Amino acid sequence: MQVQTHVDINSEWGIVAARQAGRKLAREIGFGSVDQARITTAISELARNIYLYANKGQIHIEELTDSGRRGIKILAIDDGPGIKDVRRVMEDGFTTSGGLGAGLPGVKRLMDDFKIDSEVNSGTKITVIKWLR
Amino acid sequence: MNSKTRDAILSHQTSIIDYWLEEVSKFRSEDNLQSITNKVYENTNREFVDKLFLTVQNGKDDIYKDLILYAERLIQLGWPLNYITRGLQAFRKVTVETLSKAEENYSKSIEFFQEIENWIDEIVNILVNEYSGSWENTVFLQKMALKELSAPLIPVFEKISVMPLIGTIDTERAKLIMENLLEGVIEHRAEVVLIDITGVPVVDTMVAHHIIQASEAVRLVGAKCILVGIRPEIAQTIVNLGIDLGRFPTKSTLKKGIETALQLTKREIIEISEQGGITYENSNP
Amino acid sequence: MRIPILKLHDYLLISVQVELDDQTALKFQEDVLNKIHEVGSRGVVIDLTSVEMIDSFIAKVLGDVVDMSNLMGAKVVLTGIQPAVAITLIDMGIVLDEVPTALDLEQGLDKLQSELEG
């Protein structure tokens, strides 16, 4: 059976709720402690980006099965301002918020698959997947 | 296989077998089966052709079990797969040749050839499956074995542990090594960890990157890393590739590394004089 | 939610036992600095044994606490960072370069003592 969770991000508490939901599902799927930390951290980064730049949006977390492999898929959607230069935000150290600039490139390194669709003034959609080894 | 084909093959059983044995014995010299005695080779050939004829006689189903058992035994004894495939190719050739020389018209028909083709193909599939199944199994077991000997962390003194790395380091192994390393640091309460790369054949940028990451992670959990076992050629590649290992201490040998580790944990090894007394050299108790 | 800060002679001991949300982390930063100012501490140990996740924001807050405390004359040691957390930070490319670390609270205190007194 496929498990799905949605968390609305409209306050800082949403960030905490999203990563708790992610950790719970990751543990149920059978990820080890290191991968659980990777997945939780990635969710935290994605959720914070939504809160910081779009004010509100959603995190969808679901179990994934594909030709015998199992994994976890996280979808972060918002209809905020979008990202002007996608290549730029994937550079280490680039930040517009005064953070470490490790967020999105970090998420990419933490996960196995990373896809970003963004359009200025209409929103951003980021899909990431981690496969069970 | 239809009954006409079966009858045709069976009626020429003896000549097919003789011709086949002759053909297969030609492979003897090419095969990497030199270590096997002639007698065993002949017996195995005879058994092979008998099994094949059994499948002709009895048709499908449970008779293939016999053939599979035979294949399993060959796998265990380490006979190569091409012994079987060549044997089957020879069998097709021999059967078709022998029967096309025979009187009956049926054995010259397309249908007859197709029957033989299908039958041989099916047997090839079954036996190749057996072989590849056993290979997959072997690969899996070797992977498990590699995982098990993948970098244990050995406590040598209180607060000092050593991780000897042996063999090639790929990304998957690097991840495992990192996890073992950090769990071990916590478990043994190590303050200094020596990573010994004497047994790593090649240190390229990727391997160096993994080692640097591991040592940074070790620092985060609260211990120190010393890289030891740096052979001259490794030192050369590291510098030529422009890899910066400046951030953490390196030593040429495990021995020197342990001396440094003792210093870092404010200890030293002292000699005990023959009388049983202790000679303190510049000690500070 | 507030994280309790204990005073022990010249040192402050902090054990983070709650899931850090952004507000708690920022409040924590403020509280530590105020306490250093109030009691004139020379050293701070922040124990992170129970922390299951550090993302880039929390890493920045922690790094900032270290830098800010140093400015106020107090040395900070982070202790008990879990292996999974350390690996995740490294994967993200966050090295926390200048931050002193130790295995646990006890060793953290030892480290402070030897650096401040030795």
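Two strands count as paired if DSSP finds at least two bridges between them. With that in hand, here are some close-up views of a predicted model.

**View 1. The hairpin of β4(A) and β5(A).** Ser118(A) has Thr124(A) as its bridge partner in β5(A). Altogether, β4(A) and β5(A) run antiparallel and are joined by seven bridges. The two strands make a hairpin with three residues between them. Look in the turn for Asn121(A), whose phi is positive, at about 75°. Across β4 and β5 of chain A lies helix α4 (residues 103–110), running at about 145° to β4(A).

**View 2. The open sheet of chain A.** Here five strands come in the order β1-β2-β3-β5-β4, with antiparallel pairing. At the edges stand β1 (4–9) and β4 (113–119), each with a single partner strand, so one side of each has no neighbour in the sheet. From one strand to the next, the twist averages 15°. Helix α2 (residues 33–54) of chain A packs on this sheet and touches β1, β2, β3 and β5 (123–131). The direction of this helix makes about 15° with that of β3(A).

**View 3. β3(A) and the strands paired with it.** Strand β3 (residues 69–78) of chain A pairs with β2 (residues 57–66) of chain A over 10 bridges, in the antiparallel sense.

View 4. Ser44(A) sits in helix α2 of chain A. Its relative accessible area is 0%, and because the cut-off for buried is under 20%, Ser44(A) counts as buried. Setting aside neighbours within four places in sequence, Ser44(A) is in contact with Ile15(A) and Arg19(A), and also with Met53(C) and Asp55(C) of chain C.

**View 5. Two helices of chain B packed together.** Helix α2 (residues 13–27) and helix α3 (residues 38–58) of chain B pack at an angle of about 140°, with their axes 10 Å apart. That angle makes α2(B) oblique to α3(B). Their crossing is right-handed. Residues making the contact include Trp20(B), Leu21(B) and Phe27(B) from α2(B), and Tyr41(B), Phe48(B) and Phe53(B) from α3(B). The contact residues divide into 10 nonpolar, four polar and one charged.

How values were computed. Residues numbered from 1 in each chain as written. Chains lettered and ligands numbered in written order. Predicted model: local features only at pLDDT ≥ 70, side-chain atom pairs only at ≥ 80, totals over all residues. Heavy atoms only, no water. Axes fitted to C-alpha atoms, helices over the stretch in contact; angles between N-to-C directions. Helix = DSSP H or I, 4+ residues; strand = E, 2+ residues; numbered from the N terminus. Parallel < 35°, antiparallel > 145°, perpendicular 65-115°, else oblique. Left-handed = near helix turned anticlockwise from the far one by under 90°. Contact = heavy atoms within 4.5 Å. Nonpolar A, V, L, I, M, F, W, Y, C, P; charged D, E, K, R; others polar. Buried < 20%, exposed > 50% of the residue type's maximum accessible area, 1.4 Å probe, protein only.
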